[in-house]
Amino acid sequence: MDEVVGPDSHRWIDEHGDYLYRFALVRVYDSNVAEDLVQDTFLAALQGTRRESGPTAERRWMVGIIKHKIIDHFRKTAREPLREGDLTDIPSADDDFAADGHWKPETGSGSSWPKNPDGLLERKQFWNTLGICLDKLPPRTAQVFTLREMDDMETGEICRLLHLTQTNLGVMLYRARKQLRNCLSVRYFGKSEEGAH
Amino acid sequence: MSWVARFLPTCQEMSHLLSDALDRRLPWHIRARMFAHLRMCVLCEQYRHQLALLRRLLRLKDDSHGTGGQAPQPGLPDEAKERIRRALHSSHS
């Protein structure tokens with residue numbers, strides 16, 4: 001067990017394991033899948049060679065590998081047909097609007113979102129709440145939201161990757177954004193003692 | 001309701017347009033009508049801001065995590081580390 005497996009690989013697990021795991025987890029929302037992705041990344045790294053040197057270059061290199069692994073994972077799940085919730089009209093979908101097309105008064109109002117992101121970035125409770133809200137989305141919807149909003153992937157590329165039409169993707173992103181906004185408004189920003197911890 | 005309002009998108013239509021606008025550049029005549037609606041409608045302006053803030057947060061976080069920022073989520077579980085260590089070991093031998 002103590003035998004050296006290549007000069008670096010033991011160190012990798014301690015130095016990059018947590019980071020890569022979190023990187024994967026916020027994108028795939030499944031801890032088992034995230035663990036496997038980290039393992040595949042290290043295995044691929046064993047086979048490969050890194051061009052630049054230095055600790056940040058090593059991290060960048062690993063992140064590059066795990067990004068590909070995540071996309072491969074998405075591609076595999078894209079072969080499964082879309083689930084009910086991803087596209088069919090969920091009854092609550094447009095409960096936010098009155099018959100005349102106006103926002104219902106209770107939607108969004110009363111919650112106090114801040115002007116800029118500075119204070120929130122460091123606030124652990126916010127990210128936990130966001131995680132809970134993302135979990136409530138249908139899985140494929142959460143995937144496309146992550147690729148678009150976190151990874152800034154172009155919509156055309158997401159469509160190709162996940163075999164979606166632009167229209168389907170537009171609907172999924174619309175729902176994801178609105179549901180997350182609503183969920184955060186209620187669970188985080190609605191609270192008057194916001195940020196007490 | 002004023003006559004102008006009849007030429008403008010409803011809030012429900014706005015919610016779709018505001019989402020679309022985050023993914024592609026909309027034609028100028030649509031942007032003009034959105035602009036006019038936003039000038040008059042606090043709730044849509046609020047919604048626009050919230051979507052933009054959400055995007056900025058997610059992109060900023062992605063840059064910052066790992067560079068000393070607080071870990072927002074648990075790390076790789078110990079059993080997984082052990083399993084990966086074994087996997088790396090056996091793939092090498």
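Me: What share of the 197 residues of chain A counts as buried, and how is that decided?

Reply: A residue is buried if 20 or more other C-beta atoms lie within 10 Å of its own, exposed if 12 or fewer, and partly exposed in between, with C-beta atoms placed from the backbone. In chain A, 35% of the 197 residues count as buried. For chain B the share is 27% of 93 residues. Please keep in mind that this is a predicted model, in which local features need pLDDT of at least 70 and side-chain atom pairs count only at pLDDT 80 or more, while totals for chains, interfaces and linings use all residues. Residues are numbered from 1 along each chain as its sequence is written, and chains are lettered from A and ligands numbered from 1 in the order in which they are written.

Me: How many helices and strands does each chain have?

Reply: Helices (H or I, at least four residues) and strands (E, at least two) are DSSP runs, numbered from the N terminus. Chain A has nine helices and zero strands, and chain B has four helices, again with zero strands.

Me: Which residues have the most contacts inside the largest nonpolar core?

Reply: The general idea is that in soluble globular proteins, nonpolar side chains tend to be buried together. A nonpolar core here is a set of buried Ala, Val, Leu, Ile, Met, Phe, Trp, Tyr and Cys residues joined through C-beta atoms within 7 Å. The largest one has 33 residues, and A:Val144, A:Phe145, A:Leu173, A:Ala176 and A:Leu184 have the most contacts inside it. At least two core residues each come from α6 (124-135), α7 (139-150), α8 (155-162) and α9 (166-189) of chain A, and from α1 (11-21) and α3 (42-64) of chain B. With eight residues, α9(A) gives the most to this core. Another core lies apart from it, with 23 residues, among them A:Ala34, A:Leu37, A:Ala45 and A:Ile70.

Me: What does A:Leu184 touch?

Reply: Two residues are in contact if their C-beta atoms, placed from the backbone, lie within 7 Å. Not counting residues up to four places away in sequence, A:Leu184 touches A:Thr129, A:Leu130, A:Cys133 and A:Phe189.

Me: At what angle do α7(A) and α9(A) pack?

Reply: Axes are lines fitted to C-alpha atoms, for helices over the stretch in contact, and angles run from 0 to 180 degrees between N-to-C directions. Angles under 35 degrees count as roughly parallel, over 145 as roughly antiparallel, 65 to 115 as roughly perpendicular and the rest as oblique. Here the angle is about 90°, with the axes 9 Å apart, so α7(A) and α9(A) are roughly perpendicular to each other. On the α7(A) side are A:Thr141, A:Ala142, A:Val144, A:Phe145 and A:Arg148, which meet A:Leu169, A:Met172, A:Leu173, A:Arg175 and A:Ala176 in α9(A).

Me: How many residues does each chain bring to the contact between chain A and chain B?

Reply: Chain B brings 44 residues and chain A brings 42 residues. On the chain B side, α1, α3 and α4 (78-92) give two or more residues, and α3(B) gives the most, with 17 residues. For the make-up, Ala, Val, Leu, Ile, Met, Phe, Trp, Tyr, Cys and Pro count as nonpolar, Asp, Glu, Lys and Arg as charged, and the others, Gly among them, as polar. The side of chain B that touches chain A divides into 16 nonpolar, 17 polar and 11 charged residues.
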